[in-house]
Amino acid sequence: SVVINTKNASTTLERTLKSVKFADEIIICDMQSSDATVTIAQKYTDKIFSVKDVGFADPMRNFALSKASNFWILVVDADEEIPETLQKYLISLMDAQQPADAYYIPRQNIIFDKWVQKTGWWPDYQIRFFKKGAVAWTDQVHTLPEVKGTAVYLPAKAELAIIHHNYQSVEQYLERLNRYTTLE
């Protein structure tokens with residue numbers, strides 16, 4: 001199952017959804033978008049749930065995870081994409097003899113159309129692939145989720161990384177900075 005939380009993600013969601021078409025199930029947890037996000041999501045799945053907008057995705061992730069019906073779950077943000085090389089690697093992990101309960105995946109942060117590889121932006125590990133019930137998020141902004149069982153880090157290789165189209169403009173960067181500092 002792929003789980004995606006959304007809020008006004010019409011400019012990035014199509015790319016994200018195309019990159020996860022390999023999944024058996026796509027679940028969208030939308031926080032009351034006012035743009036074309038839901039219309040775009042409807043082209044890829046009928047499992048779309050509308051939830052309260054709390055200003056950030058973390059508190060709603062657990063609700064979205066509860067809607068997943070498969071044993072393995074991949075969490076993807078609406079501004080990320082999963083390259084084919086990572087797709088194949090994740091499938092191989094599901095078929096492994098003794099898989100871990102959860103996997104930290106490296107993430108390439110694309111900021112102002114450039115891959116930022118310094119100052120802590122690479123490999124930016126995120127726990128995003130796990131067995132159902134092995135991971136839970138808190139209600140705090142940008143906190144690490146709790147993991148039950150074993151967690152393994154994938155190699156820090158570009159071909160095994162989530163591509164995160166993080167900030168496209170200075171204006172977007174400042175808007176998010178303001179929103180997150182207010183939430184903090």
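**View 1. Arg61 and the ring of Trp137.** The charged end of Arg61 lies over the ring of Trp137, 5.1 Å from its centre; a charge sits over a ring if NZ of Lys or CZ of Arg is within 6 Å of the ring centre and within 35 degrees of the ring normal. The model is predicted: local features need pLDDT of at least 70, side-chain atom pairs count only at pLDDT 80 or more, and totals for chains, interfaces and linings use all residues. Residues are numbered from 1 along each chain as its sequence is written, and side-chain values use heavy atoms, with hydrogens and water left out.

**View 2. Aromatic pairs.** Rings of Phe, Tyr and Trp (its six-membered ring) pair if their centres lie within 6.5 Å; planes under 30 degrees apart count as stacked, over 60 as edge-to-face and the rest as tilted. By this rule there are 9 aromatic pairs. One of them joins Trp115 and Trp122, and is edge-to-face because the ring centres are 5.1 Å apart and the planes stand at 90 degrees. Trp115 is partly exposed at 30% relative accessibility, whereas Trp122 is buried at 18% relative accessible area (buried means under 20% relative accessible area, exposed over 50%, partly exposed in between; 1.4 Å probe, protein chains only). The rings of Phe130 and Trp137 form a tilted pair, since their centres are 6.2 Å apart and their planes are at 55 degrees. Phe130 is buried at 1% relative accessibility, and Trp137 is buried at 9%. Ring pairs also connect Phe71, Trp72, Tyr103 and Phe129 into a cluster.

View 3. Helices (H or I, at least four residues) and strands (E, at least two) are DSSP runs, numbered from the N terminus. Strand E9 (residues 126-131) is largely enclosed by the rest of the structure, because 5 of its 6 residues are buried. Two strands pair if DSSP finds at least two bridges between them. E9 pairs in the antiparallel sense with strand E4 (residues 72-75) over 3 bridges, and Ile73 stands opposite Phe130. E9 also pairs in the antiparallel sense with strand E6 (residues 102-105), over 4 bridges; here Phe130 is the bridge partner of Ala102.

**View 4. A nonpolar surface patch.** Phe112, Val170, Leu174 and Leu177 form a nonpolar patch with about 350 Å² of accessible area together (Shrake-Rupley method, 1.4 Å probe; for residues, only the protein chains shown count as cover). Patches are made of residues with over 30% relative accessible area and no salt bridge, with like charges joined within 9 Å and nonpolar side chains (Val, Leu, Ile, Met, Phe, Trp, Tyr) within 5 Å; a salt bridge is a side-chain nitrogen of Lys or Arg within 4 Å of a carboxyl oxygen of Asp or Glu. Val170 belongs to helix H5 (residues 170-183).
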